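Here are some friendly notes to read alongside the model. Keep the sequence and the picture open, and look up each residue as you meet it.

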Amino acid sequence: MAARYLIDTSAAARWPTDDLHWSPVLVDGFVNGAWRLARDGKAATLTVRPLVRLSGQDETAVAEEGQRLLGFLAADAEAAEVRVAAPT
């Protein structure tokens, strides 16, 4: 089964281009941001970069899902943080 998601062309133009690996953040089936995990010793930070302005409800949901993802990806981290940046 194939999955498909959509990205607005104006949002696509704001995709991070810093040579780091970023994965898509989906909100209602649309790519509305990018996330990446950074590890520094026993600390882990999941950074979310919205590509569009998120509603307060969507930003809260993205942060909560990021916290669950961080718990899965970095269960051994002694310090863990989710950062939701301002839209780019």
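What percentage of the 88 residues in the protein do buried residues make up? The share is 28%, where buried means under 20% relative accessible area, exposed means over 50%, and partly exposed lies in between (1.4 Å probe, protein chains only).

1. **What you are looking at.** This is a predicted model, in which local features need pLDDT of at least 70 and side-chain atom pairs count only at pLDDT 80 or more, while totals for chains, interfaces and linings use all residues. Residues are numbered from 1 along each chain as its sequence is written, and side-chain values use heavy atoms, with hydrogens and water left out.

2. **Confidence.** The predictor's confidence in each residue is called pLDDT and runs from 0 to 100. Its mean for the protein is 88, and 88% of the residues reach 70 or more. Where pLDDT is low, the predicted coordinates should not be read in detail.

3. **The layout.** You can find 2 helices and 4 strands in the protein. Both kinds of element are DSSP runs numbered from the N terminus: helices (H or I) of at least four residues, strands (E) of at least two. Starting at the N terminus, the order is α-β-β-β-α-β.

4. **The core.** Now look inside. A nonpolar core is a set of buried Ala, Val, Leu, Ile, Met, Phe, Trp, Tyr and Cys residues joined through side-chain atoms within 4.5 Å. The largest one here has 12 residues, among them Val 25, Trp 35, Leu 46, Leu 70 and Val 82. Two or more residues each come from E1, strand E3 (43–50) and helix H2 (56–73), and E3 gives the largest share, 3 residues.

5. **Contacts of two residues.** Contact means heavy atoms within 4.5 Å. Not counting residues up to four places away in sequence, Val 62 touches Val 25, Val 27, Val 48 and Leu 54. Ala 63 belongs to helix H2 and is partly exposed because its relative accessible area is 26%. With the neighbours up to four places away again left out, Ala 63 touches Val 82 and Val 84. Ala 63 and Val 82 are 19 residues apart in sequence, yet 6.7 Å separates them in space, C-alpha to C-alpha.

6. **A threonine in E3.** Is Thr 45 buried or exposed? Thr 45 sits in strand E3 and counts as buried because its relative accessible area is 16%. Beyond its neighbours within four places in sequence, its contacts are Arg 36, Leu 37, Ala 38, Glu 81 and Arg 83.

7. **Around the tryptophan.** Which residues lie over the face of Trp 22? Arg 36 does, at 5.8 Å from the ring centre, and so does Arg 49, at 5.0 Å. A charge sits over a ring if NZ of Lys or CZ of Arg is within 6 Å of the ring centre and within 35 degrees of the ring normal.

8. **A loop residue to check.** Asp 28 is in the loop between E1 and strand E2 (30–40). Its phi is near 55°, a positive value in a residue other than glycine. Asp 28 counts as exposed because its relative accessible area is 71%.
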